[in-house]
Amino acid sequence: MARWRTLHELSVVATLIADGDETLAERYINHDAVEVKRQADDYNQTQVPLGYAPIGKREQRSIDMEFSESIASYGTEFASPYGWAAKRLNKRKPTFKDLQEEAGRAGMNAYYKMASFNVHAGARTMFFRLSSFGRDNVLVAGRTNAGLVEPAQHTAYSLLQITTLLTGSLKNLDRILEIQTFIKIRDAIPKAFMRADRKLRRDEAAYQNELAARRSRKRKRQPGHTIAP
C-alpha cells in the first residue's frame with residue numbers, strides 16, 4: 001500500500017502539471033531550489049554539530065543565490081513545500097490534500113492516509129494491518145500475499161491515470177484502442193484480486209482449523225489427560 005501511496009502522489013502532481021500551462025511546469029522544476037535550500041539548512045543545523053564538515057562556502061552561496069532568485073521570481077509563498085502550486089491553487093501554503101482536490105483525486109485521500117499507517121510511527125500502526133486475517137492482529141515479518149486487494153486496484157487506477165496523461169489527446173485511433181485495452185485490464189484487476197483474496201481466506205481458515213485439531217489431538221495424547229464423560 002505504501003508503494004501505491006507514492007504512485008498516487010505522482011499521479012496527482014502529473015495531473016496538475018498536465019492540466020496547467022508551461023509556467024506551472026517551470027515552477028515545479030524550479031522549486032528544486034527551495035528543496036535544496038531546505039536540505040542544506042537542515043544539514044548545517046543537525047549534522048555540523050555532530051562533527052560533519054559544513055557545506056562549502058562557494059556551494060552554500062550558490063544554493064542561497066538560487067533560492068533568493070526563485071523567491072524573487074515567484075513570491076514568498078514559493079518557499080512552502082508545495083509552493084510551486086500556490087498560484088494555481090490560490091493558496092499561500094497549499095497542502096497535498098489541496099493538490100488532490102485540484103486534481104480531482106479528493107476521494108482517494110482516505111486511502112492515502114490509510115497507506116501511511118504501517119510506514120509511519122503513529123499509534124494506528126499497532127492496530128491496523130491489511131495483511132491480517134480474523135481477530136488476531138498479527139505482525140507479518142517478510143513477504144505476504146495477504147492484503148493485496150486495495151493496493152492492487154488503486155495501483156491499476158493510478159497507472160492508467162498516468163498512462164492517459166502520457167498518451168495525450170486521444171485523436172489517434174491506435175491510441176484510443178490502447179487506452180480502451182488498458183481500461184479493460186484495469187477493471188479486471190480488482191475482480192481477479194478479490195477472487196484470490198477469497199480463496200486465500202478460505203485456505204487460511206482451513207489451515208487454522210487443522211492447527212486447532214492437531215493441538216486438540218496432542219493434548220489428548222498427553223499423560224494424565226482425561227476425557228470428561
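**Entry 1: a helix pair**

I began with Glu210, which counts as partly exposed at 34% relative accessibility (buried is under 20% relative accessible area, exposed is over 50%, and partly exposed is in between, with a 1.4 Å probe and protein chains only). I noted that this is a predicted model, where local features need pLDDT of at least 70 and side-chain atom pairs count only at pLDDT 80 or more, while totals for chains, interfaces and linings use all residues. I also wrote down that residues are numbered from 1 along each chain as its sequence is written, and that side-chain values use heavy atoms, with hydrogens and water left out.

Next I looked up the partner of Glu210: its side chain meets that of Arg214 in a salt bridge, 3.2 Å from N to O (a side-chain nitrogen of Lys or Arg within 4 Å of a carboxyl oxygen of Asp or Glu). Both residues lie in helix H9, four residues apart, about one turn of the helix. Helices here are DSSP runs of H or I with at least four residues, numbered from the N terminus. Arg214 is partly exposed at 47%.

Salt bridges that share partners join Lys37, Asp41 and Asp64 into one network.

I then checked Lys199 and Asp203, whose closest N and O atoms are 2.9 Å apart in their salt bridge. They are four residues apart in helix H9, so about one helical turn separates them. Lys199 is partly exposed at 45%, and Asp203 is partly exposed at 39%.

Glu102 and Arg88 also form a salt bridge, with closest N and O atoms 3.2 Å apart. This pair links distant parts of the chain: Glu102 is in helix H6 and Arg88 in helix H5, 14 residues apart.

**Entry 2: rings**

I moved on to aromatic pairs and counted four (rings of Phe, Tyr and Trp, the last by its six-membered ring, with centres within 6.5 Å; planes under 30 degrees apart are stacked, over 60 edge-to-face, and the rest tilted). The ring centres of Tyr28 and Trp84 are 5.1 Å apart and the planes stand at 80°, so I wrote the pair down as edge-to-face. Tyr28 sits in helix H2 and Trp84 in the loop between H4 and helix H5, 56 residues apart.

Is Trp84 buried or exposed? Trp84 is buried, at 4% relative accessible area, whereas Tyr28 is partly exposed at 39%.

Tyr82 and Phe96 have ring centres 6.2 Å apart and planes at 40°, so this pair is tilted. Tyr82 is in the loop between H4 and H5 and Phe96 in helix H6, so the pair ties together parts 14 residues apart in sequence. Phe96 is buried at 8%, and Tyr82 is partly exposed at 26%. Ring pairs link Tyr82, Phe96 and Tyr112 into a cluster.

**Entry 3: charged patches**

Last, I looked at surface patches (residues with over 30% relative accessible area and no salt bridge, with like charges joined within 9 Å and nonpolar side chains within 5 Å). Which residues form the negative patch? They are Asp32, Glu35, Glu66 and Glu69, and helices H3 and H4 each supply at least two residues. Glu35 lies in H3 and is partly exposed at 37%.

The positive patch is formed by Lys191, Arg195, Arg198 and Arg202. I placed Lys191 in helix H9, and at 55% relative accessibility Lys191 counts as exposed.

How values were computed:
Areas by Shrake-Rupley, 256 points an atom, 1.4 Å probe, with all protein chains shown as cover. Lys, Arg positive; Asp, Glu negative; His and termini not counted. Charge placed at Lys NZ, Arg CZ, Asp CG, Glu CD.
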